[in-house]
Structures are given as C-alpha cells and as structure tokens.
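Dear colleague,

Please find below the structure that I am handing over to you. My notes on what was found in it follow directly after.

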Amino acid sequence: MIRLARVPHLLALVALGLLLGGCAAKVVTDYDSNAAFASYQSWAFALNAGEGYTSLDGSRVEAAITRELGSRELNQVDASTADLLVSYRIDEVERLDTTGFSYGLGFGSGRFGWGLATAPPVREVREGQLIVELVDSTTERVVWRGASKRYLNENQSPETRQELIDEVVAEMFNRYPPGSNTQSGN
C-alpha cells in the first residue's frame with residue numbers, strides 16, 4: 001500500500017517522466033564538419049528528389065522544405081546554379097510493434113520468488129521514414145542530413161500526415177545550419 005505522504009513524490013516523478021518523454025527528439029541530424037555552411041546562399045531540389053514516392057506526400061515534403069529553407073534566407077533557384085541540392089526520400093522501415101497485454105503469475109517470500117509471464121503479441125509494421133539530405137552542388141557530396149524518428153504509415157489521415165511532415169521537417173531545419181542559435185542538439 002502506498003503511504004499518503006508519498007503520493008506527491010510519486011506524482012512529481014510521473015510528471016517528470018511525461019515531461020522528459022515529450023522532449024525526446026523527433027529527428028536526428030548529421031553534417032560534414034568541413035563544409036562551409038555560411039557560403040551556401042541558394043538551393044534547388046535535386047532532379048531525383050522524392051523519386052518513387054506518392055505525389056501527395058512528396059508535395060507535402062517539398063512544401064515544408066521550401067518553407068523552412070526560405071525562413072533561413074536561402075534562395076530557391078534553378079538546379080544548375082544552386083549552391084545546395086536538396087534530396088529527400090521516404091525509406092520503408094520494418095519494425096516490431098507490441099500491442100496488448102502480457103499476463104503473469106508469481107509467488108515468493110522475502111528475496112526469493114518465482115514467476116511466469118507471457119510475452120505481449122508482436123506484429124511487424126512497415127512505415128515510412130523521411131530522410132532529407134543537402135548536397136554541395138560543386139563537390140556532389142552530402143554536407144547535411146536529417147532523418148525522422150517518427151514514421152508515416154498508411155493508417156494516418158491526410159491531416160495527420162501533413163502535420164507530421166511539417167513538424168519533422170521544421171525540427172530537422174531547426175538544426176540547420178550546424179552551430180546556429182536555433183540548433184537544439186541531436
């Protein structure tokens with residue numbers, strides 16, 4: 001039984017756990033530390049950007065990227081004159097999802113006991129992970145990369161997909177350029 005005096009401590013602990021869970025990064029970024037990010041003034045979508053994806057999600061991603069790069073004072077130009085080429089893709093990711101309950105039975109006394117439990121049901125889920133790469137047009141090397149830790153799936157409504165793409169792309173570009181004041185860690 002929980003003592004009444006411990007209830008505030010338990011509530012504070014639960015609140016802290018929820019707060020820290022809400023702060024978890026939705027994206028990871030990586031970059032070439034030798035790249036001269038301050039010299040990049042213009043960008044364009046690479047010719048193969050978004051290749052092979054549905055046009056609906058592709059247009060959502062392109063709109064979000066255009067908005068974010070525009071807010072960083074980079075000019076969108078023709079691919080032949082751009083400093084940066086933007087490539088994006090949605091990689092299919094397979095992951096295991098556990099849903100439901102596991103059941104257990106145990107007994108014991110003091111420091112000793114014995115128990116038996118069932119594993120929760122597991123199913124394989126296929127989802128889409130958004131990856132955005134910025135390529136130096138002169139060297140044709142990736143200088144910056146952002147990858148989502150949140151996934152698109154076919155069960156999401158168009159509104160949910162739009163909101164997820166907007167959130168993820170905004171968080172990716174909060175970390176661009178590396179070392180900027182808007183950068184909030186990986």
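A cavity is a set of points, on a 1 Å grid over the protein atoms alone, where a 1.4 Å probe fits but cannot get out, and its lining residues have an atom within 4 Å of a point. Grid points are joined across faces, edges and corners, and a volume is the space filled by probe spheres set on the points. The structure holds one cavity of 30 Å³ or more, and about 40 Å³ of space lies in the largest cavity. Its lining is formed by Gly-128, Leu-130, Ser-148, Arg-150, Leu-152, Leu-164, Ile-165 and Val-168. Two or more of the lining residues come from each of β7 (122-136) and α3, and α3 gives the largest share, three residues.

Please note that this is a predicted model, in which local features need pLDDT of at least 70 and side-chain atom pairs count only at pLDDT 80 or more, while totals for chains, interfaces and linings use all residues. Residues are numbered from 1 along each chain as its sequence is written, and side-chain values use heavy atoms, with hydrogens and water left out.

The protein chain has three helices and eight strands; helices (H or I, at least four residues) and strands (E, at least two) are DSSP runs, numbered from the N terminus. From that end, the elements follow the order α-β-β-α-β-β-β-β-β-β-α. Six strands form an open sheet with mixed pairing, in the order β1-β8-β7-β4-β2-β3. Its edge strands, β1 (27-31) and β3 (75-76), each pair on one side only; two strands pair if DSSP finds at least two bridges between them. Between β2 (residues 42-45) and β3 there are two bridges in the parallel sense, and Trp-43 stands opposite Gln-76 in β3.

Of the 186 residues in the protein chain, 33% count as buried, a term that means under 20% relative accessible area with a 1.4 Å probe, protein chains only.

The side chain of Gln-156 reaches the backbone oxygen of Tyr-151 at 3.3 Å. Leaving aside neighbours within four places in sequence, Gln-156 is in contact (heavy atoms within 4.5 Å) with Tyr-151, Arg-161 and Leu-164. Leu-164 is also one of the residues that line the largest cavity.

With kind regards

Definitions and conventions
A polar contact is a pair of N or O atoms within 3.5 Å; within protein, one must be able to donate a hydrogen and the other to accept it, and residues adjacent in sequence count only if both atoms are side-chain atoms. Buried means under 20% relative accessible area, exposed over 50%, partly exposed in between (1.4 Å probe, protein chains only). On a 1 Å grid over the protein atoms alone, a cavity is a set of points where a 1.4 Å probe fits but cannot get out, and a pocket is an open set with protein on both sides within 12 Å along at least five of seven lines; lining residues have an atom within 4 Å of a point.
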